[in-house]
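Welcome, and please open the structure in your viewer. We will take a short walk through it, one selection after another.

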Amino acid sequence: IGSGLTSIRWLSEIGKAKDVHEASRNELEKISNTSNILIDKMNEIIWTLNSRNDTLPNLIAYLRHLIVEYFEPFRIHLDIVVPEDIKETPVDGKIRRNIFLAVKEALHNIVKHSQATEVHIIFNADDTFSISISDNGVGFDPAHTISFKNGLHNIRERLSIIGGTCVISNNNGTSIALKIPLRRNPS
């Protein structure tokens, strides 16, 4: 599937480079963009299912990479703090997937709604695994969020599924604190 999607993407890129009508170029652009999205989603699924990634250091490294890549096209100053010593704590695929999707939703909300110029993300791995995501954007009015489009609700739900908590505050921007209990290997 991956090689097929990559072939579609490259063929559409080659087609765009040729002298074609504007309408054809737009369609090729849509094909290329759709292929890129599908490749990214497939890579996310593969990462989630790969049991070699079932450790906290691998999860943090993957999330850090995702965050940097996600904000690359935007003019947003990014500050990420990762602890130096992260124990090899096991994190199963279901937990990793829900954390990943919650973080991705938070990033999406920042880019789409916040108008932020700065984002600060702090990972902490003491007794619990926590991720603090804060921005200096316009914040939000909880009374005016649309229930069927409420990404904040989705974040809370994902954390609840894995026994974690999510605290969202709105003060000079938005802050999201994710806390997830993890079992530790005996030291």
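A helix here is a DSSP run of H or I with at least four residues, and helices are numbered from the N terminus. Keep in mind that this is a predicted model.

Stop 1: Select α2 (22-49) and α3 (56-71). Each of them supplies at least two residues of the lining of the second largest pocket.

**Stop 2: the pocket itself.** Now select D40, E44, L66, E69 and K104, the lining residues that lie nearest the centre of this second largest pocket. How many residues line the second largest pocket? The lining has 13 residues, and the pocket has a volume of about 370 Å³.

**Stop 3: aromatic rings.** The structure holds three aromatic pairs. Select Y70 and F71, whose ring centres are 6.0 Å apart. Why is this pair called edge-to-face? The planes of Y70 and F71 meet at 75 degrees, so the pair is edge-to-face, as planes over 60 degrees apart count as such.

Y70 is partly exposed, with a relative accessible area of 22%, whereas F71 is buried, with a relative accessible area of 3%. The cut-off for buried is under 20%.

**Stop 4: another pair.** Finally, select F123 and F129, which form a stacked aromatic pair. Their rings are 6.3 Å apart centre to centre, with 10 degrees between the planes. Are F123 and F129 buried or exposed? Both F123 and F129 are buried.

Methods. Residues are numbered from 1 along each chain as its sequence is written. This is a predicted model: local features need pLDDT of at least 70, side-chain atom pairs count only at pLDDT 80 or more; totals for chains, interfaces and linings use all residues. Side-chain values use heavy atoms; hydrogens and water are left out. On a 1 Å grid over the protein atoms alone, a cavity is a set of points where a 1.4 Å probe fits but cannot get out, and a pocket is an open set with protein on both sides within 12 Å along at least five of seven lines; lining residues have an atom within 4 Å of a point. Grid points are joined across faces, edges and corners, and a volume is the space filled by probe spheres set on the points. Rings of Phe, Tyr and Trp (its six-membered ring) pair if their centres lie within 6.5 Å; planes under 30 degrees apart count as stacked, over 60 as edge-to-face and the rest as tilted. Buried means under 20% relative accessible area, exposed over 50%, partly exposed in between (1.4 Å probe, protein chains only).
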